[in-house]
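Visitor: I am new to protein models. Please walk me through some charged residues here.

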Amino acid sequence: MGKSWILRESQALPAGRRVARRLRRRYTGGMTYKVAVLTGAGISTSAGIPDFRGPDGVWTKHPDQQSVYDIDLFLSDKQAREYSWRWQKESPVWGAKPGVAHKALVKLEKAGMLSLLATQNFDALHEKAGNSPDVIVNLHGTIGTSHCMRCHHKYDTADIMNNLDNEPDPHCHRALPYQGGQTCNGLIKTDVVYFGENLPDGAMERSMQAVAQADEFWVIGSTLEVYPAASLAPIAAQAGVPVTIMNMGRTQYDSIAKRLISEPIQDALPRLVDETIAAHQGE
């Protein structure tokens with residue numbers, strides 16, 4: 001999904017880089033300890049949403065259903081669009097509610113320590129939990145909002161879903177002032193990044209910068225298999241930022257992690273947040 005990012009192998013920067021970063025923050029008035037976070041499907045499965053690629057994942061058991069996020073099919077086939085919209089409405093993702101792990105990251109933000117919440121999930125649960133747009137980067141988009149592919153008008157996806165029985169293939173009904181009030185009639189699509197689309201503009205650049213400037217980088221519930229999001233782990237290591245990986249299975253970047261946590265996320269993440277706040281609040 002999206003364009004690729006190529007990383008060259010290089011050695012991690014020395015620990016002195018971290019000391020310099022803290023001194024620089026202190027003398028420029030930025031006193032807060034900063035944690036950058038990447039979340040993957042694991043944090044949402046802890047809230048009851050089945051994952052896509054795991055052993056019991058939706059796409060593992062039903063590989064044909066990946067077509068609901070195929071941009072070429074969506075653009076060219078009315079029946080495929082209707083199926084995509086209906087599938088998304090009936091998916092557990094649409095009606096899901098944030099769990100205790102999502103709420104733990106809200107607590108970290110309220111403590112002033114969350115500098116980045118980059119997520120590979122498009123379920124909008126971080127927004128529902130209460131994290132602010134100032135820290136959230138939806139690397140793979142979000143199901144919470146939609147847009148017209150012609151005039152780019154923004155929609156609340158809930159409004160589209162509520163009217164789906166009346167309009168199973170949603171089109172934009174906005175009047176175009178520059179065309180004498182003619183109805184746009186463009187295709188409406190959720191803001192999820194479909195296969196064949198690029199990631200949102202600036203999403204990786206913003207994430208890379210925040211990760212390199214953090215005091216810690218946490219990977220929560222990601223297998224670190226999907227790029228370019230997975231590249232954030234080696235970027236952190238190369239910048240001398242300690243990496244924590246919290247995941248029930250192994251990842252290809254376990255060897256660069258300072259801390260590996262394989263406990264259930266709904267138990268381990270709230271505890272990690274509490275320990276971090278207790279140890280670093282006021283720094």
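Visitor: Is glutamate 82 buried, exposed or partly exposed?
Guide: This is a predicted model, where local features need pLDDT of at least 70, side-chain atom pairs count only at pLDDT 80 or more, and totals for chains, interfaces and linings use all residues. Residues are numbered from 1 along each chain as its sequence is written, and side-chain values use heavy atoms, leaving out hydrogens and water. Buried means under 20% relative accessible area, exposed over 50%, and partly exposed in between (1.4 Å probe, protein chains only). Glutamate 82 has a relative accessible area of 24%, so the answer is partly exposed.

Visitor: Which residue forms a salt bridge with glutamate 82?
Guide: A salt bridge is a side-chain nitrogen of Lys or Arg within 4 Å of a carboxyl oxygen of Asp or Glu. Here the closest N and O atoms are 2.5 Å apart. Both residues lie in helix α5 (residues 78–90), four residues apart; a helix is a DSSP run of H or I, at least four residues, and a strand a run of E, at least two, numbered from the N terminus. The partner is lysine 78.

Visitor: How many residues apart are aspartate 191 and lysine 154?
Guide: Their side chains meet in a salt bridge (2.8 Å, N to O). The pair links distant parts of the chain: aspartate 191 is in strand β8, lysine 154 in strand β5. The separation is 37 residues.

Visitor: What is the relative accessibility of lysine 189?
Guide: Lysine 189 forms a salt bridge with glutamate 197, at 3.1 Å between the closest N and O atoms. Glutamate 197 is buried, at 18%. Lysine 189 counts as buried too, because its relative accessibility is 1%.
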